[in-house]
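Here are my notes for your first look at this one. Have the model open while you read, and go point by point.

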Amino acid sequence: MTLVIDCHGHYTTAPEPHNQWREAQKAAFKAGEAPPPYPAISDDEIRETIEQNQLRLIRERGADMTIFSPRASAMAHHVGDEGVSGAWARACNDLIARVVGLYPEVFAGVCMLPQSPEAGLDGSIAELRRCVNELGFIGCNLNPDPGGGHFRHPPLTDRYWYAFYEAMVELDVPAMIHVSGSCNPAMHATGAFYIAADTIAFMQLIEGDLFRDFPTLRFIIPHGGGAVPYHWGRYRGLADMLKKPALADHVMNNVFFDTCVYHQPGVDLLAKVIDSKNILFGSEMVGAVRGIDPETGQYFDDTKRYVDALDVSEDQRHAIFEGNARRVFPRLDALLKARGL
């Protein structure tokens, strides 16, 4: 029996006191004051937000497990300073840990990082270690543009990032390359910034030789890989022009795409262009696209039905739903094996 593991879930329905504290934290920073204490949030408040939303939909749509992280658009690394980002990341990650503690059979934790734009990566490395070693998380979300839509950070292949990658390799955890909210009015967050960042990240990886230095490093590029599958010939051609190896050897042993594409033709194209060993099932529900598709009468983010409809072998479907997630997230594989799965 195949487990259906959703690699891309965010706590978009976090309890309101959590969100209110964030607003108070931002206001305090702006006023030059200390933020109020973080509120007490009961287990019942968490249960209510999860059971009426993510847990209900997981069961209704036929999934088994979700790899769960804080709301991406709320990471907002460009807000405040390193202290603000650190406190916010810790609060968000601790909340994810509580969800996992309440529903350990359904959720596995992935952390956000305190990537304030003017800060170095020491704080992010420390938070990654805390979340993996103390909270039992299995991965992280890495923002390639903490400035919120201006792309002023070095490319992902730059040595600026190497200390963080060393920690990832040591801990044997992958990163989902995921930006946050956009403070650039020219870039709609989910419709432009996310897709642009996914595509930019892939091109950066082509231009560099990161996986020569880190052969076991693993990245998930979400939202179906941005524009990459649709322009696969362009990227193969650019790799050739740049005198890089073929993409299969240069990046595709280390890079994976999810299925957060939201229509059947898009998922069909993804599966036709990208090898099934590089595709992980993901829905991002309840997330960027929440409505019902008037053409199908089904929710856009009910992505399992798209994978179910793919013209692929059962071995390939198993890889997309379960096998690849267990390879990319070894700590998840260990958790499942400990449960006899």
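1. Let's start at Ala227. Leaving aside neighbours within four places in sequence, Ala227 is in contact with Ile195 and Thr199, where contact means heavy atoms within 4.5 Å. You'll find Ala227 in the loop between β6 and α9; helices here are DSSP runs of H or I with at least four residues, strands are runs of E with at least two, and both are numbered from the N terminus. Its C-alpha sits 9.8 Å from that of Ala197, 30 residues apart in sequence. With 24% relative accessibility, Ala227 counts as partly exposed; buried means under 20% relative accessible area, exposed over 50%, and partly exposed in between, with a 1.4 Å probe and protein chains only.

2. Some ground rules before going on. This is a predicted model, in which local features need pLDDT of at least 70 and side-chain atom pairs count only at pLDDT 80 or more, while totals for chains, interfaces and linings use all residues. Residues are numbered from 1 along each chain as its sequence is written, and side-chain values use heavy atoms, with hydrogens and water left out.

3. Now the sheet. Eight strands make an open sheet in the order β1-β2-β3-β4-β5-β6-β7-β8, with parallel pairing; two strands pair if DSSP finds at least two bridges between them. At the edges are β1 (5-11) and β8 (279-280), each pairing on one side only. β1 and β2 (residues 65-70) run parallel and are joined by five bridges, and His10 has Ser69 as its bridge partner in β2.

4. Which strand has both faces covered? That's β4: Gly139 and Asn141 on one side, and Cys140 and Leu142 on the other, are all buried. β4 pairs with β3 in the parallel sense over two bridges, and Cys111 has Cys140 as its bridge partner. Helix α6 packs on the sheet, touching β4 (139-142), β5 (175-177) and β6 (219-221). The direction of α6 makes about 160° with that of β4; axes are lines fitted to C-alpha atoms, for helices over the stretch in contact, and angles run from 0 to 180 degrees between N-to-C directions.

5. Take a moment over Val110 in strand β3. Val110 is buried, with a relative accessible area of 5%. Leaving aside neighbours within four places in sequence, its contacts include Ile67, Phe68, Asn93, Ile138 and Phe329. The C-alpha atoms of Val110 and His10 are separated by 9.3 Å, though the two are 100 residues apart along the chain.

6. On to the nonpolar cores (sets of buried Ala, Val, Leu, Ile, Met, Phe, Trp, Tyr and Cys residues joined through side-chain atoms within 4.5 Å). The largest has 73 residues, of which Leu128, Leu142, Phe164, Tyr165, Phe202 and Phe219 touch the most other members. Helix α6 (residues 162-171) gives the largest share of this core, six residues. Not counting residues up to four places away in sequence, Leu128 touches Phe164, Ala167, Met168 and Leu171, among others. There is also a second, separate core of 17 residues, including Cys7, Met65, Met176 and Val328.

7. Next, the aromatic pairs: rings of Phe, Tyr and Trp (its six-membered ring) pair if their centres lie within 6.5 Å, and planes under 30 degrees apart count as stacked, over 60 as edge-to-face and the rest as tilted. By this rule there are 16 aromatic pairs. Trp21 and Trp88 have ring centres 6.4 Å apart and planes at 25°, so they are stacked. Trp21 belongs to helix α1 (residues 16-31) and Trp88 to helix α4 (residues 82-102), so the pair ties together parts 67 residues apart in sequence. Both Trp21 and Trp88 are buried.

8. Last, helix α2 (residues 43-51). Its buried residues are Ile46, Thr49 and Ile50. They sit on the same side of α2, because they cover an arc of only 95° around the axis; the arc is that of the directions from the helix axis to the C-beta atoms. Asp44 and Glu48, on the other side of α2, are exposed. Among what covers the buried residues are β1, α3 (54-61) and β3 (107-111).
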